[in-house]
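Please read the following as a guided walk through a single model, with the sequence and the coordinates open beside the text. Each stop takes up one topic and asks what can be said about it.

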Amino acid sequence: MLLRGNLNDQIEAKIRELQYQCNTLSRQLSKSGYLDGRDDGTINSTLSVLSDVYDGRILLVSKTFKIEKDTYSIDEGKLNISESVLKCFQGESLAEYSEKSRRIQMTIPVYNLALTDVIGVMVVTSSSSSIIDMVDGYYSRAGVIDIVILIISVFVAFFLSLALVRPLKRVSDALKKAAFGDLEPVDVGDCVETQRICDAYNKMLTKLKTLDESRQEFVSNVSHELKTPITSIRVLADSLMSMEDAPIELYREFLSDISDEIDRESTIIDDLLSLVKLDKSNMELKVTQVSINELLELVLKRLRPLAKRRNIELVFESFRPVIGEIDEVKLTLAVTNLVENAIKYNVDEGWVRVSLNADHNFFYIKVQDSGLGIPENVQDKVFERFYRVDKARSRETGGTGLGLAITHSVIQLHHGAIKLYSKEGEGSTFTVRIPLIYIA
Ligand code: ADP
């Protein structure tokens with residue numbers, strides 16, 4: 001298509017060029033009076049040069065339709081009354097290309113000096129074979145180049161695909177192995193892409209392993225924690241049974257201990273259920289607009305009797321009224337754990353300060369105590385499930401080691417953050433930051 005267009009362009013250019021040359025010649029013919037029989041030799045030589053250069057033939061037809069000049073010297077003296085010559089005498093000149101004969105044909109009028117009358121007609125035919133040969137050559141050359149390019153492209157594509165597919169196959173083999181439980185890191189660094197896939201896979205593998213380890217640790221912790229009260233109950237019951245004629249007071253004392261252990265078992269189960277629910281119901285927060293001031297006041301009111309038992313001062317400080325989009329039940333549980341800990345791990349006659357503040361985006365709850373504090377090296381661990389700094393004390397106060405893990409999960413579900421600042425022996429401060437508007 002492109003070459004076809006190219007051929008037409010070339011022929012049109014040749015027609016334009018011929019027309020220009022012939023028009024110039026036509027003006028010379030008018031001036032020289034050549035058609036009236038005057039000839040200075042210049043016109044004849046111009047005519048023969050032109051016909052040579054354009055590989056054509058020029059006929060000069062006079063008003064009487066007689067051929068005055070034929071550059072082939074064949075038809076001189078004969079008449080030419082073809083339609084195109086007649087039309088040209090009437091002022092309608094012709095310029096056309098015949099694909100069949102591969103020739104350009106044109107008629108150009110020769111005017112008298114006053115330019116009022118057509119006194120003759122130039123009939124020009126020119127061969128376009130040279131142009132066509134040139135384009136044909138171009139055609140065949142382009143065809144050969146196309147075929148060569150095609151062959152090279154096929155080879156390049158074949159070798160490239162081989163080079164690309166080989167490392168991908170190795171990655172896919174490694175992934176198949178992983179599917180059968182062989183969780184080994186993969187390293188196929190043949191190209192950047194496969195290296196990236198391997199890096200992402202290895203990262204995922206590390207995360208999976210960590211998750212699996214923490215799951216196993218959690219299961220073993222749960223079994224241990226649940227077994228402890230049961231073992232105590234068994235020991236208490238066995239020792240009662242082994243005693244013959246034990247006094248009723250001893251029975252009472254042992255049964256009361258057994259009852260305490262049952263309470264403890266039930267608290268652990270409750271906390272575990274809360275955690276499992278939090279893990280499962282990521283999307284199930286019952287978010288409503290809640291006054292955080294009222295929520296905190298209620299938590300403190302419930303815990304005041306616990307603080308009073310050890311003469312601990314419980315203070316609430318609110319900097320402004322705050323309405324937040326939160327799950328009321330879950331956030332109450334999280335804050336209760338924090339304030340309860342601040343009371344439990346406090347000194348007698350100590351203090352606990354709870355404060356509430358907010359800016360445009362977040363509200364901030366701060367729980368500060370004058371208690372035992374948490375050693376710096378374990379501050380990261382206190383949010384882990386079942387972690388307790390002092391196991392004996394935690395057990396004494398009825399702790400399960402799950403409280404802060406629950407608090408952490410709730411705050412994460414609200415897209416918030418919790419931070420701990422503490423110094424051993426000086427007290428602890430937990431700060432919670434939660435967005436005022438919940439975005440699911
Ligand atoms: P527990 O049920 O044992 O209280 P938590 O998850 O609530 O479990 O807390 C984990 C551990 O962090 C506690 O056992 C305790 O040692 C420590 N801890 C938590 N809060 C405080 C606090 N305000 N002051 C001192 N230690 C604390």
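In which helix does Lys176 lie? Lys176 lies in helix H4, and this is a predicted model, so that every value given here is computed from predicted coordinates. With a relative accessibility of 53%, Lys176 counts as exposed, because the cut-off for that class is over 50%. Between Lys176 and Tyr111 there are 65 residues in sequence, and their C-alpha atoms are 92 Å apart in space.

Helix H4 covers residues 129-179, and Ile151 is found in it as well. Which residues form a nonpolar patch on the surface together with Ile151? The patch is formed by Ile147, Ile151, Phe155, Phe158, Phe159 and Leu162, and the accessible area of these residues together is about 610 Å². Ile151 has a relative accessibility of 44% and therefore counts as partly exposed.

From the surface we can turn to empty space. Rolling a probe the size of a water molecule over the atoms shows where such space is left. The structure holds one cavity of 30 Å³ or more, and the largest cavity contains about 40 Å³ of space. Its lining is made up of Leu18, Cys22, Leu50, Ser51, Tyr54, Gly56, Ile58, Val124, Thr125 and Ser126. Helix H1 (2-32), helix H2 (42-53), strand S1 (56-62) and strand S5 (118-127) each supply at least two residues of this lining, and the largest share, three residues, comes from S5. By residue class, the lining of the largest cavity divides into six nonpolar and four polar residues, with no charged residue among them.

The largest pocket, in turn, has a volume of about 870 Å³. Of the 38 residues that line the largest pocket, Asn341, Lys344, Tyr345, Thr397 and Gly399 are the closest to its centre. Two or more lining residues come from each of helix H6 (248-280), helix H7 (292-309), helix H8 (328-344), helix H9 (391-396), helix H10 (403-413) and strand S12 (427-435). Which of these elements gives the most to the lining of the largest pocket? H8 does, with eight residues. Whereas the lining of the largest cavity has no charged residues, that of the largest pocket divides into 15 nonpolar, 13 polar and ten charged residues.

Charged side chains also meet one another in this model, and the count of salt bridges comes to eleven. One of them joins Asp75 to Lys78, with the closest N and O atoms 3.1 Å apart. Asp75 is buried, because its relative accessible area of 19% falls under the 20% cut-off, whereas Lys78, at 44%, counts as partly exposed. Asp75 and Lys78 are also linked with Arg57 and Asp70 in a network of salt bridges.

A salt bridge is likewise formed by the side chains of Arg215 and Asp212, at 2.9 Å from N to O. Why are Arg215 and Asp212 separated by about one helical turn? The reason is that they are three residues apart in helix H5, which covers residues 192-242. Arg215 is partly exposed, with a relative accessible area of 49%, and Asp212, at 33%, counts as partly exposed too. The side chains of Lys330 and Asp327 meet in a salt bridge at 3.3 Å from N to O. Are these two partners buried or exposed? Lys330 is buried, with a relative accessible area of 18%, and Asp327 is buried, with a relative accessible area of 4%.

The last stop is the backbone. Most residues other than glycine have a negative phi. Phe65, although it is not a glycine, has a positive phi of about 65 degrees; Phe65 lies in the loop between S1 and strand S2 (67-70) and, at 22% relative accessibility, counts as partly exposed. Leu115, which is not a glycine either, has a positive phi of about 60 degrees. Leu115 lies in the loop between strand S4 (103-111) and S5, and at 61% relative accessibility it counts as exposed.

Note on methods: Residues are numbered from 1 along each chain as its sequence is written. This is a predicted model: local features need pLDDT of at least 70, side-chain atom pairs count only at pLDDT 80 or more; totals for chains, interfaces and linings use all residues. Side-chain values use heavy atoms; hydrogens and water are left out. Patches are made of residues with over 30% relative accessible area and no salt bridge: like charges are joined within 9 Å, nonpolar side chains (Val, Leu, Ile, Met, Phe, Trp, Tyr) within 5 Å. Accessible areas come from the Shrake-Rupley method with a 1.4 Å probe; for residues, only the protein chains shown count as cover. A salt bridge is a side-chain nitrogen of Lys or Arg within 4 Å of a carboxyl oxygen of Asp or Glu. Helices (H or I, at least four residues) and strands (E, at least two) are DSSP runs, numbered from the N terminus. Buried means under 20% relative accessible area, exposed over 50%, partly exposed in between (1.4 Å probe, protein chains only). On a 1 Å grid over the protein atoms alone, a cavity is a set of points where a 1.4 Å probe fits but cannot get out, and a pocket is an open set with protein on both sides within 12 Å along at least five of seven lines; lining residues have an atom within 4 Å of a point. Grid points are joined across faces, edges and corners, and a volume is the space filled by probe spheres set on the points. Ala, Val, Leu, Ile, Met, Phe, Trp, Tyr, Cys and Pro count as nonpolar, Asp, Glu, Lys and Arg as charged, and the others, Gly among them, as polar.
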